[in-house]
Amino acid sequence: EGYTNFTPAIDVESDSDVVFAFEEYHPDGNSSFASAWRSIDDGSTWPENATSFSSGGGDWNHADVVKIFPSDIGNSYRTLHLWKDYDHTWFATGFLAETFPDHDSWPAGAHVTRRITHFTELLMDPDGYVYDIGDENGIIHFKRSEVPYYIREGPSGAIWSGFPTYQISSNGYLSRARSSTLYNDTMYLVYFTPDGTNIRLAYNTTDWQTWDTDTIIWDTTDTGKTNARNPGLQVDDTGFHVTFVQIDMITGFHELCYTYSADGAVWTDPVVIRSNVFDLLDTPVIRYDFEDGSALGTVWQENNRIWAAFSVDGGAMWSQPVQVSEISDENKQCDLAITHDSGNWHFVWTAYNAANDLWEIQYRRGHLEWQ
């Protein structure tokens, strides 16, 4: 039952290993373990068993894997959503981040409650410092690790224990999709305003503490759209790629949209990838080299199923949706990674089977080919 709330995460590291992290929920209902698989052959084979490397702490801790962010030294940083249970009353107390190295000896986790709630995003700056980013009460804020690369270690013992909280925006919420990145020594973050009017871009300017939040990626004012939310982001040598969800005010249907900017300042009108549906969630976007050009890919949750779509013309036109999930009664909380060298797509999500009343975490791999 724990997987109704536990979000798996997947990413491709700098050495092309595919890492898939999740929270292993124990049937006794009182504990959980941070666990992961690593495939060294691009998802063709996986270890027989996952490696558990951090205990949820016994009777009162449960955790939710939200993101993985690969560092430039081969580690993947994973996030945990930490909860406490007093008399069966659940409430979020904070979040923590973890590392796991590229070998068989995985470190035990440090169980330190983060003094930063609603933490759903990870970033790393050019010097290797890691950032927890949260959006408590619509205020986007972060803490920075005490030392580069290793977010479980620092001069004061407990992680970030004496470090202040810095603010990025006083008017924003983060997405569960991958919505931040480091590119050309600049950290970028996309977010949405609480009123659903704007999708916005934030980036650090003179130093890691100073952020510019003036760039509006999309404004729904006078467009007949509302509730713009859940942006995903990729920045590379071709420009800025953003996906997001909004609602058509006339029909009430949800739309999955894509927009592009060459410089991060001027954005194209959104192209609708998917429309005339309800309940669109999670919109990570990835661009990669494909044949003699490039391809864009995205994945999302729609009406208890997982769907994906692609574009091979720079986002002007998108394919018909491809259903990734199969027969489970409910599928949710999807994530996507693409190996740029091979072009393999890697999907993970949670799935519920009513026949045995069990939640599972499922993985699938795909590949685009010309026909």
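**Cavities, cores and rings in a predicted model**

Three cavities of 30 Å³ or more are present in the structure, which is a predicted model.

Biologist: What makes a space a cavity?

Modeller: A 1.4 Å probe fits inside but cannot get out, so the space counts as a cavity. The largest cavity holds about 100 Å³ of space. It is lined by 12 residues, and the closest to its centre are Thr7, Arg176, Ala177, Cys334 and Asp335.

Biologist: Why are Trp46 and Tyr363 called an edge-to-face pair?

Modeller: Start with the distance. The ring centres are 5.0 Å apart, and the limit for a pair is 6.5 Å. Then take the angle. The planes meet at 65°, and planes over 60 degrees apart count as edge-to-face. Both tests are passed, so the pair is edge-to-face. By this rule there are 18 aromatic pairs.

Biologist: How do you know that this pair links distant parts of the chain?

Modeller: Look at the positions. Trp46 is in the loop between strand S3 (32–39) and strand S4 (51–55). Tyr363 is in strand S27 (residues 358–367).

Biologist: Why is Trp46 called partly exposed?

Modeller: Its relative accessible area is 24%. Buried means under 20%, and exposed means over 50%. Trp46 falls in between, so it is partly exposed. Tyr363, with 25%, is partly exposed too.

Biologist: Which residues form an aromatic cluster?

Modeller: Tyr131, Phe142, Tyr166, Trp208 and Trp211 form one. Arg144 lies over the face of Trp208, at 4.1 Å from the ring centre.

Biologist: What makes Arg274 count as sitting over the ring of Trp307?

Modeller: The charged end of Arg274 is 5.5 Å from the ring centre of Trp307. The distance limit is 6 Å, and the charge must also be within 35 degrees of the ring normal. Arg274 is listed as sitting over that ring.

Biologist: What makes a set of residues a nonpolar core?

Modeller: The residues must be buried, of nonpolar-core types such as Leu or Trp, and joined through side-chain atoms within 4.5 Å. The largest core has 16 residues. Those with the most contacts inside it are Tyr288, Leu336, Trp345, Phe347 and Trp349. Strands S21, S22, S23, S25 and S26 each supply at least two residues of this core. S26 gives the most, with four residues.

Biologist: Which residues does Leu336 contact, leaving aside neighbours within four places in sequence?

Modeller: Among them are Ile10, Ile286, Val299, Trp345 and Phe347. A second, separate core of 15 residues includes Tyr188, Val190, Phe192 and Phe240.

Definitions and conventions. Residues are numbered from 1 along each chain as its sequence is written. This is a predicted model: local features need pLDDT of at least 70, side-chain atom pairs count only at pLDDT 80 or more; totals for chains, interfaces and linings use all residues. Side-chain values use heavy atoms; hydrogens and water are left out. Rings of Phe, Tyr and Trp (its six-membered ring) pair if their centres lie within 6.5 Å; planes under 30 degrees apart count as stacked, over 60 as edge-to-face and the rest as tilted. Buried means under 20% relative accessible area, exposed over 50%, partly exposed in between (1.4 Å probe, protein chains only). Contact means heavy atoms within 4.5 Å. On a 1 Å grid over the protein atoms alone, a cavity is a set of points where a 1.4 Å probe fits but cannot get out, and a pocket is an open set with protein on both sides within 12 Å along at least five of seven lines; lining residues have an atom within 4 Å of a point. Grid points are joined across faces, edges and corners, and a volume is the space filled by probe spheres set on the points.
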